[in-house]
Amino acid sequence: MNATAYNAVDLAESGAEAAMAVNCRAVGDLAEAAASVGCAVVHFSTDFVFDGLQGRPYVESDRAHPLNRYGESKLAGEAALLASRADALVFRTSWVYSLRRKSFVSAILAAARREGPLQVVADQTGSPTFARDLAAAVAIVLARVSEPHALRSLRGVYHLAGSGQCSRFDLAKAAIAMDPHKHEHRFSELVPTQTVLRDGVAARPTFSPLDCTKAMQVLGVSLPDWHDGLKRALGDTATHYHPATPPRAGRG
Ligand SMILES: NC(=O)c1ccc[n+]([C@@H]2O[C@H](COP(=O)([O-])OP(=O)(O)OC[C@H]3O[C@@H](n4cnc5c(N)ncnc54)[C@H](OP(=O)(O)O)[C@@H]3O)[C@@H](O)[C@H]2O)c1
């Protein structure tokens, strides 16, 4: 199971070679190594393989057209894996968060504890995914297969993300409303903004919800509605989250 990635989306614009090494070449090597010992590979990819211009949620067969280097390297990684002899499942997911790692949701909760207006982009729409829900769904898929070669007939790309869609602004608003430690909030107001493209900042798809019908029909799994996932992520004391202890920083 490969959840590693060069996922510093903006840095990848100037570090395309490193992104390609981790997100593509390493994936190809992993696939060949797995195939040589009869091992299946489960890999994660992203809604950033799409340009967001289609105007409806993306299905697996829709044309991929990444807007940035990160998306290009992830798309190339999918291709490397599927060109290999490995029995491979590729799960494209989106807007993954958990309070255990740096994520959009944990960043918003931290920002809500600072003075002043809190600006959040309102022109990016996607499908937020609670990391634990994603992990649970993949575990269910794997628990159903008796041995690695049983994955052969399931080989391919699947979209697997939280059900429904929202803007970054909607997600931030919901996270702030559901925060169990609201008394710690210091921000003055939540302000919707537009994505501003600056030098060194990668373009992102503005509308990239994932249609997860195939995963439901073929693999028998679907993820809960994003509100439900967010509620559990914020309410679950098992995460031991407290803003005073910032989540561990990730790479992206
Ligand atoms: N987060 C999202 O919104 C999102 C959306 C769509 C798809 N995905 C995909 O989901 C997967 C997991 O991403 P994530 O968001 O969970 O990221 P993450 O928390 O940053 O995890 C990525 C992991 O990759 C490891 N890694 C990076 N470069 C490495 C290298 N050169 N050698 C060894 N390990 C390396 C990191 O190690 P360290 O712990 O040492 O940093 C980290 O554990 C990725 O395939 C990503 O493309 C994520």
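**Reading burial, packing and backbone angles**

User: How many other C-beta atoms lie within 10 Å of Lys231?

Analyst: Lys231 has 16 other C-beta atoms within 10 Å and is partly exposed. A residue is buried if 20 or more other C-beta atoms, placed from the backbone, lie within 10 Å of its own, exposed if 12 or fewer, and partly exposed in between. Lys231 is found in helix α7; helices (H or I, at least four residues) and strands (E, at least two) are DSSP runs, numbered from the N terminus. Lys231 lies 57 residues from Ala174 in sequence, yet their C-alpha atoms are 8.9 Å apart. This is a predicted model: local features need pLDDT of at least 70, side-chain atom pairs count only at pLDDT 80 or more, and totals for chains, interfaces and linings use all residues. Residues are numbered from 1 along each chain as its sequence is written.

User: Which residues of helix α3 are buried?

Analyst: In α3 (residues 104-111) they are Val105, Ser106, Ile108 and Leu109. Seen down the axis, these buried residues fall within an arc of 160 degrees, so they line one face of α3. The arc is that of the directions from the helix axis to the C-beta atoms. Their cover includes β3 (96-97), α5 (168-178) and α7 (226-235).

User: At what angle do α1 and α2 cross?

Analyst: Two packed helices are described by the angle between their axes and the distance between the axes. The axes of α1 and α2 (residues 69-83) come within 8 Å and cross at roughly 15 degrees. Axes are lines fitted to C-alpha atoms, for helices over the stretch in contact, and angles run from 0 to 180 degrees between N-to-C directions. The two helices are therefore roughly parallel (under 35 degrees). Residues meeting across this pair include Ala31 in α1 and Leu81 in α2.

User: Where is Trp95?

Analyst: Most residues other than glycine have a negative phi. Trp95 is not a glycine, yet its phi is positive, about 45 degrees. Trp95 sits in the loop between β2 (88-93) and β3, and is buried, with 26 other C-beta atoms within 10 Å.

Key
Two residues are in contact if their C-beta atoms, placed from the backbone, lie within 7 Å. Angles under 35 degrees count as roughly parallel, over 145 as roughly antiparallel, 65 to 115 as roughly perpendicular and the rest as oblique.
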